[in-house]
Amino acid sequence: LSTLGQLTVAAAIDLLRIAIVFGVTIITMVPLAMYLGRRGRSGRLGTGIFQIIYSVPAPILFPLIVVYLTPRLAVFMGDALAYNFNVLLVTFLSAAAYIFFNVYGSAASIPRDLDLVTRTFNIKGLRKIRYLTFPGIIPGLITGSMAAFGGYWGCLMVGEYTRIGGKTYSVGNGLMMLISKGIATDNLLFVDAIDLFMVFMIVIITYLLWMRLYRYSQRRYSV
């Protein structure tokens, strides 16, 4: 492949990793944040516990994850799949907080008057989530997703290529792996090419996806 083709394939693989982590985050963090955001005092207590947990940066734990978890997973999954799983794990742990706290803040700020309206019209359960809670958290979900999208790249930078105890751990392909590998081998011209490619790609994604979603959420769902 040409350099552009190589970078395009690597970017597609990284975007797939990001999509997987983002999907898992939506499934796990959004319902939890919605629940705690509507629980008042007990919700604030639960969120405080999350703040303590996330005060420890997840990338600090990555060497421990690699050294102790990878060999055990490799027995069942093979080395390559086990290491990829650990990269996704540390990426999830690092960036999930962006979505959780933004969604929590949106859920907690839904006016109580709207709760009275739902009780008046006997709107409960899934109907209340559909017509009140979910529309209320959309702006926070979009804002948190934008922040998480930026955080994902930093997490992949930490995870896709690393040396621990004289041993090299690396995924098969990915932009962050190519950058780290290029730095390790002093191929700085190639690293500069990747940086320019990433800037171009991220600007396009931000403009075509995130900015449009953000403007839509502010126009359609802001209370």
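A: A helix crossing is right-handed if the near helix is turned clockwise from the far one by less than a right angle, and left-handed if anticlockwise. With that settled, the part to look at is helix α1, residues 3-37. Helices (H or I, at least four residues) and strands (E, at least two) are DSSP runs, numbered from the N terminus.

This is a predicted model, in which local features need pLDDT of at least 70 and side-chain atom pairs count only at pLDDT 80 or more, while totals for chains, interfaces and linings use all residues. Residues are numbered from 1 along each chain as its sequence is written, and side-chain values use heavy atoms, with hydrogens and water left out.

Within the protein chain, α1 has the highest confidence, with a mean pLDDT of 92 (pLDDT is the predictor's confidence in each residue, from 0 to 100). The lowest mean, 80, belongs to helix α5, residues 112-120. For the protein chain the mean is 86, and 99% of its residues reach 70 or more.

One partner of α1 is helix α4, residues 79-108. The axes of α1 and α4 come within 7 Å and cross at roughly 35° (axes are lines fitted to C-alpha atoms, for helices over the stretch in contact, and angles run from 0 to 180 degrees between N-to-C directions). The α1 and α4 crossing is right-handed. The contact of α1 with α4 holds 20 nonpolar, five polar and one charged residues (Ala, Val, Leu, Ile, Met, Phe, Trp, Tyr, Cys and Pro count as nonpolar, Asp, Glu, Lys and Arg as charged, and the others, Gly among them, as polar).

Another partner of α1 is helix α7, residues 175-184. Their axes are 7 Å apart, at an angle of about 120°, and α1 and α7 are therefore oblique to each other (under 35 degrees is roughly parallel, over 145 roughly antiparallel, 65 to 115 roughly perpendicular, and the rest oblique). In this contact (heavy atoms within 4.5 Å), Q6, L7, A10, A11 and D14 of α1 meet L175, M176 and L178 of α7. By class, that gives six nonpolar, one polar and one charged residues.

Y161 stands opposite S170, and T162 opposite Y169. Two residues separate β1 and β2 in this hairpin, and G165 in the turn has a positive phi of about 60°.

Altogether, the protein chain has eight helices and two strands.

Notes
Pairing = 2+ DSSP bridges.
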